[in-house]
Amino acid sequence: GSLYRKYVIYFFALVSVTLLASGTTGLYYSYKELRTAAVALQREKALGAARHIERFVRDIERQIRWVRLPPEHRDNVLERRHVEFEKLLRHFPAISEVSWLDGTGHEQLKDSRLAMDRFHSGIDLSATPAFRSSRSEQPYFGPVYFHKGSEPFLTIAVADEYAGAGVTVAEVNLKFVSDVVSRIRVGATGYAYVVNAHGDLISHPDISLVLQKTDLSGLPQVRAALTPPASGAEVTEEPIDALDHAGNRVLAAHAPIA
């Protein structure tokens, strides 16, 4: 009887350990698959958001191109531009102000939601990146900056069609990007946000975090997003164990905005 009991106990222990090992292995691989699937969904959402935001910026650039005057409209140029700029501000709330610099980089017209309009101010802006960089055929997209330390803005500048004529410069309020970001949900608690090249938060479902110019550069997923891969290195698709701004553990995926 004693020997029989020992065999039963040993057999039960062996079967239990085998089943436990098999079950644990299965759970581990199921967990890995679920993580990978979740991050793949997050990455798809991030790519979609990046495309929407890039399209938002490109649409504004195209509208700026539309208000440029062709060479044959050089008579009463400021009055004509003023009319076109007013239309631009009326139809695109994201544009806070638009100005025209002549061929020497001096401001001749400025229409603004934030200040008084200016005519013939003659302010020398020839040394600004918006004027110098947009003299080529390519538009200029400046770095994101914070107006009065709160709302994020982007400068877009487009040169006139004919050489040496001037440059149209628009200041774009990026808080309107939140309309895109706030609609993105992954599961019950997943969300999307946007940072600039320094890791400063520029769009988030909680607008108060943006207005506080929250610095997220210390988060592991933000560091990974802002660190370019080494030359010749493969881009990893592994899930990133990350932290949110409140210190909670999360899974994260990212996509760049060109």
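Among the elements covering the buried residues of helix 2 are helix 1 (2-66), strand 1 (95-102), strand 2 (107-112) and strand 7 (166-173). Contact here means heavy atoms within 4.5 Å, and buried means under 20% relative accessible area, with exposed over 50% and partly exposed in between (1.4 Å probe, protein chains only). Helices (H or I, at least four residues) and strands (E, at least two) are DSSP runs, numbered from the N terminus.

A word on the model: this is a predicted one, where local features need pLDDT of at least 70 and side-chain atom pairs count only at pLDDT 80 or more, while totals for chains, interfaces and linings use all residues. Residues are numbered from 1 along each chain as its sequence is written, and side-chain values use heavy atoms, with hydrogens and water left out.

Helix 2 runs over residues 77-91, so that's 15 residues, and it spans 21 Å from first C-alpha to last, close to the 21 Å expected at 1.5 Å a residue (the expected span is 1.5 Å times one less than the number of residues).

Its buried residues are Leu78, Arg81, Phe85, Leu88 and Leu89. They sit on the same side of helix 2 because they cover an arc of only 90° around the axis, the arc being that of the directions from the helix axis to the C-beta atoms. An α-helix has 3.6 residues a turn, so residues three or four places apart point the same way.

## A buried charged pair

Arg81 pairs up with Asp160 in a salt bridge, at 3.1 Å from N to O. The term means a side-chain nitrogen of Lys or Arg within 4 Å of a carboxyl oxygen of Asp or Glu. Asp160 is in the loop between strand 6 (151-159) and strand 7, and Arg81 is in helix 2, so the pair ties together parts 79 residues apart in sequence. Arg81 counts as buried at 0% relative accessibility, and Asp160 does too at 7%.

## The other salt bridges

The structure holds 8 salt bridges. In one of them, Glu97 meets Lys110, with the closest N and O atoms 3.2 Å apart. That pair links strand 1 (Glu97) to strand 2 (Lys110), 13 residues apart, and both Glu97 and Lys110 are buried.

Glu151 and Lys175 also form a salt bridge, at 3.6 Å from N to O. Glu151 is in strand 6 and Lys175 in the loop between strand 7 and helix 4 (178-181), so parts 24 residues apart in sequence get tied together. Glu151 is partly exposed at 22% relative accessible area, as is Lys175 at 36%.
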